Amino acid sequence: MTDTSHPDGYGRGVDETERVLARLRRIEQLRDSEQLRDSEQLRDSELRRGAPESALLVELKALVPEAEAWARSEGDARARAAATKLREEAEGMR
């Protein structure tokens with residue numbers, strides 16, 4: 001007997017959503033750690049600015065294809081527009 005209770009690809013959208021949410025949590029943690037470092041006023045600007053910012057940039061760039069996959073799985077015009085805007089913004093990051 002074939003289970004027809006879930007359409008093909010049913011779990012795929014959930015997986016894409018979880019990937020995006022996990023990435024956003026990592027980005028938020030990095031941003032929070034950067035704010036903490038700034039608030040502690042570390043004297044070494046390379047420690048304060050270098051590693052966390054480069055890690056944040058890596059995470060933001062990795063978010064782009066995940067957000068695009070999520071938007072495709074959602075099939076929603078607003079989701080696709082958001083992913084497109086994210087890609088455009090990320091292309092301007094260096």
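The model is predicted.

**Exercise 1.** State which pattern the protein chain follows along the sequence, and find which elements have the lowest and the highest mean pLDDT.

*Solution.* Start with the order of elements: along the sequence the pattern is α-α-α. Next, take the confidence values. Among the elements, helix α2 (residues 45–74) has the lowest mean, 80, and helix α3 (residues 77–91) has the highest, 92.

**Exercise 2.** Check whether the span of α3 agrees with its number of residues.

*Solution.* At 1.5 Å a residue, the 15 residues of α3 should span 21 Å. The expected span is 1.5 Å times one less than the number of residues. The end C-alpha atoms of α3 are 21 Å apart, so the two values agree.

**Exercise 3.** Determine how the buried residues of α3 are arranged around its axis.

*Solution.* First list the buried residues, those under 20% relative accessible area: in α3, they include Ala79, Ala83 and Ala90. Then look down the axis: the buried residues of α3 fall within an arc of 35 degrees, so they line one face of the helix. An α-helix has 3.6 residues a turn, so residues three or four places apart point the same way. Finally, turn to the face away from the buried side, which carries the exposed residues Ala77, Arg78, Lys85 and Glu88.

**Exercise 4.** Identify which residue caps the N-terminal end of α3.

*Solution.* The cap is aspartate 76. One of its side-chain oxygens lies 2.9 Å from the backbone nitrogen of arginine 78.

Terms used. Residues are numbered from 1 along each chain as its sequence is written. This is a predicted model: local features need pLDDT of at least 70, side-chain atom pairs count only at pLDDT 80 or more; totals for chains, interfaces and linings use all residues. Side-chain values use heavy atoms; hydrogens and water are left out. pLDDT is the predictor's confidence in each residue, from 0 to 100. Helices (H or I, at least four residues) and strands (E, at least two) are DSSP runs, numbered from the N terminus. Buried means under 20% relative accessible area, exposed over 50%, partly exposed in between (1.4 Å probe, protein chains only). The arc is that of the directions from the helix axis to the C-beta atoms. A polar contact is a pair of N or O atoms within 3.5 Å; within protein, one must be able to donate a hydrogen and the other to accept it, and residues adjacent in sequence count only if both atoms are side-chain atoms.
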